[in-house]
2 protein chains.
Amino acid sequence: MAKERVTVIDIARAAGVSKSTVSLVLQGSSLVNEATRAKVNAVIRDLGYVYNRSAANLRQAKSKIIGIVVNDLTNSFFAELAVGVDAVVQSAGFVQFLANTGEKSERQREVIASMREHGVSGLIISPARGTEAADLAPLVESGIPVVLVVRDIAGAGVSSLISDNRAGALAAVRHLIARGHRRIAFLGGFADTAVFEARVRGYRDALREAGLNAGDDLVIGSAPSRAGGVTAIEQAMMLEDRPTAALCFNDAVAFGVCDGLRARRLEPGADFAVIGFDDVIEAKTAVPALTTVSVDPQGMGERAAELLLKQIKAGRAEPEAIVSPVRLVVRQSCGAAVERRVKEVSS
Amino acid sequence: MAKERVTVIDIARAAGVSKSTVSLVLQGSSLVNEATRAKVNAVIRDLGYVYNRSAANLRQAKSKIIGIVVNDLTNSFFAELAVGVDAVVQSAGFVQFLANTGEKSERQREVIASMREHGVSGLIISPARGTEAADLAPLVESGIPVVLVVRDIAGAGVSSLISDNRAGALAAVRHLIARGHRRIAFLGGFADTAVFEARVRGYRDALREAGLNAGDDLVIGSAPSRAGGVTAIEQAMMLEDRPTAALCFNDAVAFGVCDGLRARRLEPGADFAVIGFDDVIEAKTAVPALTTVSVDPQGMGERAAELLLKQIKAGRAEPEAIVSPVRLVVRQSCGAAVERRVKEVSS
DNA sequence: TGACGAGATTGGAACGTTCCAATTATTAAG
DNA sequence: CTTAATAATTGGAACGTTCCAATCTCGTCA
């Protein structure tokens, strides 16, 4: 019993007006008389009419859809980013296509193509690892607004919104140094990403300005996940001159580092200072509460969406590169002061 | 420089065929000659043609879009569910609208309406708290396939895919009993949901069959979140006859319970047994690794998507109510055996 | 009274595709 | 050589909306 579709014409007939008038009330035009508007609306309700956006899109060549493509929805960071986007996009009357690439650039190509076919009027992309400007070229040439988020791509010629990774890392490491740490590691993350590079740069700058040497043995890459954190800290603890603190690539890694520490009977916060990056939701409720560089992923999603909507409204806008400030949130995982770091349990 | 849209007609002209032929190759029809197909495809590439799905949808009154609405994307359970759906839906050539309701049924109404306007050909819904059959009635009457997931709604007349909550709880509590626990709490969750009800039922049944009484003071509701877990365990520890173990409403609550225990200097797994529900990704890497009832959210998403696609393909299908089996995954958080539960530190 | 303008309403064309029935070209059978 | 069958191709209508220009109905003013 797939019922007949009821169209604007049916409404028109039932209300005794023309389809144009119905269209007008659908768009809330001020041209139509109050009485007819009321009647039309009544009929719309009665007949259970549902607006056909495909038809509208076809006619006016623009949709109320935006696309968002993320790398790994399973990572809270991206999930929060997506809900931030969803919130503002929804209240602007848009709906979002969400796709997950799992860092596969092949998939990324496919989903972007598919979204274009569906006529999205803008795209928020957190580029998969290894994405190059050339990959995005056809997209940006088509003139549809794009904002890159989390990771910027040099020469892509589109807006971007990334967090101030260098400054965040700098602040975090300064904090550790102020607490008396001298052997500070940088753990986790893929070394071939711009984000990694920026965070390590902040880390190195902080060490340098304190006159500490930033030996390469202390920066240890890994997958940017909890499991990656475990392996990274294990590797760090194999070093003969072990670190006493670490700045982690992100919170997921930091949690993994905490797990790895506990597996060696070291208590994060007391025996070893760890600082994360992102300030994911569970950072504040974890035990110990994670000291981390807050990038406010949800807020970032909101800002990205606002930027995109602005560009959609403006038609053609100059690309802007926004770097979003970050702030160190000191909680427990970085320990109180270095004096407390007395117990050194070896496993 | 928003370039002119290139249409099927432009392709046709450039390739020296008719638009009908182009349409045919677009659909991969076997009717068209190999040579012309090749030529057309070449032209398509050259001109940078992008298919206009709005137009196609309009004509054939069906889209390659499915919608998924979840309650809280920030909860890994739902994020994983969405990833599972995305995976199968993507490889079937569909794309997904994802919307977050935040448990607000008002929002849910809006997003469902919006998705209908966009002509989704199916919907996967994890109903917001308090959703009733009547809320879904207009949707199901329209004949578009719907599968309810996670939470079923009596009398909705659509397919559903939920996990076997009673059996999971039963297995978990039996396990705790077998380990010697006698005072077992049920922590977290909103008491007015069907899922809560089913899990508590399993919990009570297990206690009853062991001849233990299931006093109401031991089932303590809370928000189904990490923070909720903290408050629930706090409340449980105020009891004069304290529990020694708990089955938690979900993994988020279980992690919160662990946090709360540690805040009281109790080590989860050693001093108090905790079992979660869901088997979220971080369950296995957490310390202690969380014993939990695995519902495999990603797999559940995949199955839901498959079920939905099947119904879409079949046109009109009988609603099926699938209950997905679950399995207790024993890790560390439930402790070894009750004998180890010696230390009782009061705070 | 006639002209005018504002307010409401309207019919038809257009958007880019798919589908249908019809046509042409090609091959096989008699 | 004709006819039938098959393989390829095609033009036009249709999908449900929006936009444009045109029309109609008033009331007002000279």
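Of the atoms of DNA strand D that lie within 4 Å of the protein, 64% belong to sugar or phosphate, and the rest belong to bases. This is a predicted model, in which local features need pLDDT of at least 70 and side-chain atom pairs count only at pLDDT 80 or more, whereas totals for chains, interfaces and linings use all residues. Residues are numbered from 1 along each chain as its sequence is written, chains are lettered from A and ligands numbered from 1 in the order in which they are written, and side-chain values use heavy atoms, with hydrogens and water left out.

Around DNA strand D there are 26 residues, and those that come nearest are Val8(A), Ser23(A), Tyr49(A), Arg59(A) and Thr21(B). A residue is near a strand if one of its heavy atoms lies within 4 Å of it. The side chain of Tyr51(A) has an N or O atom 2.7 Å from a phosphate oxygen of DNA strand D. The surface near DNA strand D divides into 10 nonpolar, 11 polar and five charged residues. In this classification Ala, Val, Leu, Ile, Met, Phe, Trp, Tyr, Cys and Pro count as nonpolar, Asp, Glu, Lys and Arg as charged, and the others, Gly among them, as polar.

The two protein chains also meet each other. Their contact (heavy atoms within 4.5 Å) takes 43 residues from chain B and 44 residues from chain A. Thr74(B), Glu117(B) and His118(B) supply 14% of the area that chain B buries against chain A, more than any other three residues. Buried area is the accessible area (1.4 Å probe) that two parts lose on being put together, summed over both. For chain B and chain A this area is about 4,200 Å², of which carbon and sulfur atoms give 57%.

Two salt bridges join chain B and chain A, each being a side-chain nitrogen of Lys or Arg within 4 Å of a carboxyl oxygen of Asp or Glu. Glu117(A) forms a salt bridge with Arg53(B), with the closest N and O atoms 2.6 Å apart.

Technical notes
A polar contact is a pair of N or O atoms within 3.5 Å; within protein, one must be able to donate a hydrogen and the other to accept it, and residues adjacent in sequence count only if both atoms are side-chain atoms.
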